[in-house]
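Please walk me through this structure step by step.

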Amino acid sequence: MTTTVLELSGVSAGYGRFRALFDVSFCLEHGSVTALLGPNGAGKSTVARVASGLLTPSAGRVLVNGEEVTGWPAWKVVSRGVAHAPEGRPVFATLDVEDNLRLTFFRQLPRKEAAEALDRAYERFPRLAERRSQLAGTLSGGEQRMLALARVLAVPPKLLIVDELSLGLAPRTVDEVFRALREIRDSGTALLIVEQQVSRALELAEHLIVLRQGRITYDGSSVQVSDELRSELLAVRPDS
């Protein structure tokens with residue numbers, strides 16, 4: 001069995017006439033954590049969308065567990081063990097927390113497994129358990145991010161792609177989100193993290209990929225990254 005959970009090979013992609021990625025290639029190993037960093041507009045979210053099947057590349061190949069999935073619809077990529085928690089708060093605002101979770105879990109899993117997934121969600125995110133009867137649209141931004149993350153974890157994925165989960169959150173809530181990510185990592189799931197909080201991402205990840213203007217400028221250890229590059233990344237403003 002291949003040790004590579006995700007491989008992008010020579011991927012280019014864009015939106016209409018705008019090209020966002022140029023010949024992007026990298027691999028993620030099973031159980032690893034990779035931080036994907038760079039300024040806004042570098043193409044980080046585009047990489048996430050390509051990897052999860054939300055965007056079809058104009059060139060190159062995408063492989064999951066050694067199987068080519070280039071051009072597959074997102075639902076089919078999900079069936080191969082890839083989960084994507086996108087930027088923003090993709091929850092059903094007019095449903096309460098429990099209905100948000102039940103609607104997702106009971107649609108994907110047999111009844112007994114869905115009930116177990118609901119228990120796991122509340123165990124991983126105690127604040128959601130406290131607010132299970134509250135409308136999702138009235139939750140704080142951080143609580144909505146937790147709910148969005150809990151929804152994609154109905155089935156423990158082989159790869160979880162998280163896109164700017166900490167954006168706009170209070171420090172305490174960021175701590176809770178990263179605690180959950182560590183638990184997910186420790187369960188054996190590989191993580192690809194697109195994150196504005198560079199120091200937090202580097203604490204969690206052992207591997208680092210830096211994108212600039214749609215091209216990879218660094219692909220290597222997050223521990224051995226040069227002081228110059230680290231300082232450069234830390235100096236990037238989230239809105240730059």
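Leaving aside its neighbours within four places in sequence, which residues is Leu101 in contact with? The model here is a predicted one. In it, Leu101 touches Leu118, Ala121, Tyr122, Leu147, Ala150 and Arg151, with those sequence neighbours left out.

Leu101 also has a place in the largest nonpolar core. That core has 48 residues. Leu101, Leu149, Leu160 and Leu181 are those with the most contacts inside it. Helix α7, residues 171-186, gives the core its largest share, 6 residues. There is also a second, separate core. This one has 29 residues, including Leu21, Leu28, Val82 and Ala190.

Now turn to a pair of helices. Helix α3 spans residues 97-108, and helix α6 spans residues 141-152. Their axes come within 9 Å and cross at roughly 20°. Angles under 35 degrees count as roughly parallel, so α3 is roughly parallel to α6. The crossing of the two helices is right-handed. On the α3 side, the contact is made by Val97, Asn100, Leu101, Thr104 and Phe105. On the α6 side, Leu147, Ala150 and Arg151 take part. By type, the residues of this contact of α3 with α6 divide into 5 nonpolar, 2 polar and 1 charged. An α-helix has 3.6 residues a turn, so residues three or four places apart point the same way.

Next comes helix α1, residues 44-51. How many of its 8 residues are buried? The count is 6, and the helix is mostly covered. The buried ones are Lys44, Thr46, Val47, Ala48, Val50 and Ala51. After α1 comes Gly53, with a positive phi near 90°.

Take Thr46 from this helix. Why does Thr46 count as buried? Its relative accessibility is 5%, and buried means under 20%. Leaving aside neighbours within four places in sequence, Thr46 is in contact with Ala13, Tyr15, Ala20, Leu21 and Leu55. One of these, Leu21, is included in the second core.

Backbone angles come next. Most residues other than glycine have a negative phi. Asp23 is not a glycine, yet its phi is positive, near 50°. Asp23 is found in strand β2, residues 18-29. Is Asp23 buried or exposed? Asp23 is exposed, because its relative accessible area is 56% and exposed means over 50%.

Gln213 has a positive phi too, about 50°, although it is not a glycine. Where does Gln213 lie? It is in the loop between β9, residues 207-212, and β10, residues 215-221. Gln213 is exposed, with a relative accessible area of 68%.

One last stop is Ser79. This residue is found in the loop between α2, residues 74-78, and β6, residues 82-85. At 45% relative accessibility, Ser79 counts as partly exposed. Ser79 and Val69 are 10 residues apart in sequence. In space, their C-alpha atoms are 11 Å apart.

Technical notes: Residues numbered from 1 in each chain as written. Predicted model: local features only at pLDDT ≥ 70, side-chain atom pairs only at ≥ 80, totals over all residues. Heavy atoms only, no water. Axes fitted to C-alpha atoms, helices over the stretch in contact; angles between N-to-C directions. Helix = DSSP H or I, 4+ residues; strand = E, 2+ residues; numbered from the N terminus. Parallel < 35°, antiparallel > 145°, perpendicular 65-115°, else oblique. Left-handed = near helix turned anticlockwise from the far one by under 90°. Contact = heavy atoms within 4.5 Å. Nonpolar A, V, L, I, M, F, W, Y, C, P; charged D, E, K, R; others polar. Buried < 20%, exposed > 50% of the residue type's maximum accessible area, 1.4 Å probe, protein only. Core = buried A, V, L, I, M, F, W, Y, C linked by side-chain atoms within 4.5 Å.
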